[in-house]
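Here is a short report on one protein chain. Look at the fold first, then follow the text.

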Amino acid sequence: MSDVITKAVATLNEKIDGGFDGTAKFNIEGEGSIVIDKDGARAGDDDAEVTLTASAETFEAIMTGEQNPTAAYMTGKLTMDGDMGAAMRLAGVLG
């Protein structure tokens with residue numbers, strides 16, 4: 001598992017704290033995937049309600065608050081496949 005994925009899983013688990021009631025997957029280009037569900041975040045490639053894909057740089061900027069996820073989506077830095085409602089719920093949990 002890459003260091004980017006390991007760090008991202010830890011950061012997401014701190015932010016989510018068991019508060020997400022759906023399933024989502026982050027694909028970090030060139031690094032791997034993270035699945036988020038009611039149990040928290042973990043490295044994996046399971047099916048999810050929504051899949052969000054971004055570069056490692058964009059993902060890190062979203063996690064640190066330097067990049068607004070909606071703005072990243074609108075400018076094509078973040079792509080989404082699946083349920084927009086799940087993506088919105090995730091955004092609400094991540095703050």
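Which residue just after H1 takes a positive phi? Asp 17 does, with a phi of about 50°.

This is a predicted model, in which local features need pLDDT of at least 70, side-chain atom pairs count only at pLDDT 80 or more, and totals for chains, interfaces and linings use all residues. Residues are numbered from 1 along each chain as its sequence is written, and side-chain values use heavy atoms, with hydrogens and water left out.

**Overall fold**

The protein has four helices and five strands. Helices (H or I, at least four residues) and strands (E, at least two) are DSSP runs, numbered from the N terminus. Along the sequence the pattern reads α-β-β-β-β-α-α-β-α. The C-alpha atoms fill a box of roughly 30 × 30 × 25 Å along the principal axes. A compact globule of 95 residues would have a radius of gyration near 12 Å, and the protein agrees with 12 Å. That radius is taken over C-alpha atoms, and the globule rule is 2.2 Å times the number of residues to the power 0.38.

Buried residues (under 20% relative accessible area; exposed is over 50%, partly exposed in between; 1.4 Å probe, protein chains only) make up 37% of the 95 residues. Contact means heavy atoms within 4.5 Å. Among contacts between residues at least 6 apart in sequence, 61% join residues at least 24 apart.

**Helix H1**

H1 covers residues 3-16. At 1.5 Å a residue, its 14 residues should span 20 Å, and the end C-alpha atoms are 20 Å apart, which agrees. The expected span is 1.5 Å times one less than the number of residues.

Ile 5, Ala 8, Val 9, Leu 12 and Ile 16 of H1 are buried. They cover an arc of only 105° around the axis, which puts them on the same side of H1. The arc is that of the directions from the helix axis to the C-beta atoms. On the other side, Asp 3, Lys 7 and Glu 14 are exposed.

What covers the buried residues of H1 includes these elements:

| Element | Residues |
|---|---|
| Strand E1 | 24-28 |
| Strand E2 | 32-37 |
| Strand E3 | 40-43 |
| Helix H2 | 56-64 |
| Helix H4 | 84-94 |

**Aromatic pair**

Rings of Phe, Tyr and Trp (its six-membered ring) pair if their centres lie within 6.5 Å; planes under 30 degrees apart count as stacked, over 60 as edge-to-face and the rest as tilted. The count comes to one aromatic pair. The rings of Phe 26 and Phe 59 have centres 5.0 Å apart and planes at 70°, so the pair is edge-to-face. Phe 26 lies in strand E1 and Phe 59 in helix H2, 33 residues apart, so the pair links distant parts of the chain. Both Phe 26 and Phe 59 are buried.
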